[in-house]
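Work through the exercises below with the model open beside you. Try each task before you read its solution.

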Amino acid sequence: SSGINAEYGVSSNPCSDVYPGKQAFSEKNTQAMRDFLLKHKSNLALYLSFHSYSQLFLKPIGFDINPPKDSAVHDAAGAAAVNAIYQTHGMAYKNIRSVELYPTSGSSADWIYLEGVTNAYTIELRDTGRYGFRLPTSQI
């Protein structure tokens, strides 16, 4: 968990898939990612977080319905990405803000965006339900 508006899209149940942890960066893996990204953020032009599944290009921010100041940049990046995916693989992806899918908090893409990395996105990989979370390696 990165601790961003931790009331949205999370559960207090530690067994839940959306449990954010005891506090922001409470786990060793999130601490390692945070420390690495903060050390190198001035050199980051792009941050991508890959998830499965739904064929989505998700733009910041997941916890606020108001578009962020860089929404024009995000819209252009999303349009280019979904077009490139379609042209290359024939797969239709949607270009939406993550809050349009459902409200979320604590995403790494939102956190690094708020830390100053303008191009921070989440890619929801193939497919739209046939394989679900068990996407064949050949499609990743």
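**Before you start**

Begin with Leu-46, which sits in the loop between helix H1 (28-40) and strand S1 (47-52). This is a predicted model, where local features need pLDDT of at least 70, side-chain atom pairs count only at pLDDT 80 or more, and totals for chains, interfaces and linings use all residues. Residues are numbered from 1 along each chain as its sequence is written, and side-chain values use heavy atoms, with hydrogens and water left out.

Helices (H or I, at least four residues) and strands (E, at least two) are DSSP runs, numbered from the N terminus.

**Exercise 1. Classify Leu-46 as buried, partly exposed or exposed, and find the nonpolar patch that it belongs to.**

Step 1. Recall the classes: buried is under 20% relative accessible area, exposed is over 50%, and partly exposed is in between (1.4 Å probe, protein chains only).
Step 2. Leu-46 has a relative accessible area of 45%, so it is partly exposed.
Step 3. A patch takes residues with over 30% relative accessible area and no salt bridge; like charges are joined within 9 Å, nonpolar side chains (Val, Leu, Ile, Met, Phe, Trp, Tyr) within 5 Å.
Step 4. Leu-46, Leu-48 and Phe-50 make up the surface patch, and together they have about 280 Å² of accessible area. Such areas come from the Shrake-Rupley method with a 1.4 Å probe; for residues, only the protein chains shown count as cover.

**Exercise 2. Give the strand order of the sheet and explain why S1 and S3 are edge strands.**

Step 1. Two strands pair if DSSP finds at least two bridges between them.
Step 2. The open sheet has 4 strands in the order S1-S4-S2-S3, and its pairing is mixed.
Step 3. S1 and strand S3 (94-97) each have a single partner strand, so one side of each has no neighbour in the sheet.
Step 4. On average, neighbouring strands here are turned by 25° against each other, direction ignored.

**Exercise 3. Describe how S2 sits between its neighbours.**

Step 1. Strand S2 (residues 56-59) pairs with S3 in the parallel sense over 4 bridges. Phe-57 stands opposite Asn-95, and Lys-59 stands opposite Arg-97.
Step 2. H2 packs on the sheet and touches S2, S3 and strand S4 (120-125). Contact means heavy atoms within 4.5 Å.
Step 3. The direction of H2 makes about 170° with that of S2. Axes are lines fitted to C-alpha atoms, for helices over the stretch in contact, and angles run from 0 to 180 degrees between N-to-C directions.
Step 4. In a regular strand, side chains alternate between the two faces of the sheet.
Step 5. Leu-56 and Leu-58 lie on one side of S2, Phe-57 and Lys-59 on the other, and all are buried.

Definitions and conventions:
Salt bridge = Lys/Arg side-chain N within 4 Å of Asp/Glu carboxyl O.
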